[in-house]
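Subject: Structure for you to look over

Hello,

I am passing on the structure we talked about.

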Amino acid sequence: MGDDSNRNRIKDLIHRQGMPPAPAAAPLVTEVRTDGGMILHRPPKKRGFSIGPILIEWTYGVPLDQVEKFNIFLDKNEEFIAACCEELMEGVSYRGTFLTAGFGDVRYKTFWSYASPEAMEEWGSVLKKRSKFVTVLAQLRSYWTRDPGRAEMRYQEAAQLTDLDANAAEKPFLQLTLAATKVKPR
Amino acid sequence: MEVCIVFTPDNPNLFTLNSTAWLVFDLCDGRSWRRLEKAYYDAVEPLRSPEEARDELIGVVSDLERKGIIERDRVARMSKPRPTTRGRNKGAGSNGG
């Protein structure tokens with residue numbers, strides 16, 4: 001048992017699994033297997049088509065010499081980030097970080113989805129406490145902050161905005177914008 | 001491989017430990033219960049509260065002991081319900097990776 005490097009490997013394994021499993025020690029039943037056919041797994045159950053009503057997108061670049069390091073960081077931490085979002089907050093989901101697949105700029109996009117506008121406030125209580133999650137999140141965000149050309153966009157499901165006048169009732173600037181569509185530029 | 005396989009020669013059996021049980025097994029190196037509890041919580045926070053981590057730990061330590069994978073220090077038996085664990089593991093061998 002236990003030198004530090006072995007222990008750190010076990011901790012890394014737990015971390016990569018996202019939600020730590022309940023500890024279990026199960027009897028190992030050995031069996032002799034014949035050379036059978038291929039086991040087909042059923043496709044995962046189909047889920048709703050929408051990622052969520054509200055989507056936040058971080059766009060940022062990472063210098064080429066840090067790309068692999070960042071990808072390793074993601075491999076190690078994404079399951080953990082996703083599990084923390086699901087477990088510690090209501091209606092907040094981490095949806096992954098994607099890398100451009102072409103030969104141009106190396107750009108990343110990190111997506112978060114929210115079940116409602118109120119869900120965006122869930123971060124408040126989580127970020128006030130020190131935890132591994134906050135540490136990892138700050139590391140992820142640090143890649144975004146280092147890019148002077150970074151961007152953050154908020155999207156919402158278009159199909160939920162089918163009556164723009166009603167939606168603009170309490171938003172004067174939106175009212176002005178809608179009115180402006182009928183004004184001819186001089 | 002993401003499990004640890006343990007052999008208990010006194011009562012010949014093979015067991016697989018999942019990642020968290022494996023960590024507990026690894027941490028059972030004679031340390032005090034308080035240090036064990038802290039080390040385990042550090043590994044599973046913030047997805048477990050301190051109380052959840054403690055309950056889990058009590059459960060798995062008892063289970064590992066019952067299966068002959070670890071054994072409790074005699075002195076620690078007097079300090080229930082917070083036992084000290086000792087990783088002598090009754091000669092159990094492990095192979096994980």
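This is a predicted model: local features need pLDDT of at least 70, side-chain atom pairs count only at pLDDT 80 or more; totals for chains, interfaces and linings use all residues.

Contact between the chains

Chain A gives 26 residues to the contact and chain B gives 29. On the side of chain B that touches chain A, the elements giving two or more residues are β2 (13-17), α1 (19-27), α2 (33-44) and α3 (50-66) of chain B.

Strand β1 (residues 25-27) of chain A runs antiparallel to β2(B), and three bridges join them.

Helix α1 of chain B

Is α1(B) enclosed by the rest of the structure or in the open? Nine of its nine residues are buried, so α1(B) is largely enclosed by the rest of the structure. The buried residues are S19(B), T20(B), A21(B), W22(B), L23(B), V24(B), F25(B), D26(B) and L27(B).

Part of the surroundings of α1(B) is α2(B). The axes of these helices, α1(B) and α2(B), come within 10 Å and cross at roughly 150°. An angle over 145 degrees counts as roughly antiparallel, and therefore α1(B) is roughly antiparallel to α2(B). The crossing of α1(B) past α2(B) is right-handed.

Which residues meet where α1(B) and α2(B) touch? From α1(B) they are T20(B), L23(B), V24(B) and L27(B), and from α2(B) they are L36(B), A39(B), Y40(B), A43(B) and V44(B). By class, this contact of α1(B) with α2(B) has eight nonpolar residues, one polar residue and no charged residues.

Strand β5 of chain A

The last item is in chain A. Strand β5 (residues 151-156) of chain A has six residues, and the number buried is zero, so the strand lies largely in the open. β5(A) does have a pairing partner: strand β2 (residues 54-61) of chain A pairs with β5(A) in the antiparallel sense, over six bridges. To locate this pairing, look for W58(A), whose bridge partner in β5(A) is E152(A).

To recap, α1(B) is largely enclosed, with nine of nine residues buried, while β5(A) lies largely in the open.

Regards

Key
Residues are numbered from 1 along each chain as its sequence is written. Chains are lettered from A and ligands numbered from 1 in the order in which they are written. A residue is buried if 20 or more other C-beta atoms lie within 10 Å of its own, exposed if 12 or fewer, and partly exposed in between; C-beta atoms are placed from the backbone. Helices (H or I, at least four residues) and strands (E, at least two) are DSSP runs, numbered from the N terminus. Two strands pair if DSSP finds at least two bridges between them. Two residues are in contact if their C-beta atoms, placed from the backbone, lie within 7 Å. Axes are lines fitted to C-alpha atoms, for helices over the stretch in contact, and angles run from 0 to 180 degrees between N-to-C directions. Angles under 35 degrees count as roughly parallel, over 145 as roughly antiparallel, 65 to 115 as roughly perpendicular and the rest as oblique. A crossing is left-handed if the near helix is turned anticlockwise from the far one by less than a right angle, and right-handed if clockwise. Ala, Val, Leu, Ile, Met, Phe, Trp, Tyr, Cys and Pro count as nonpolar, Asp, Glu, Lys and Arg as charged, and the others, Gly among them, as polar.
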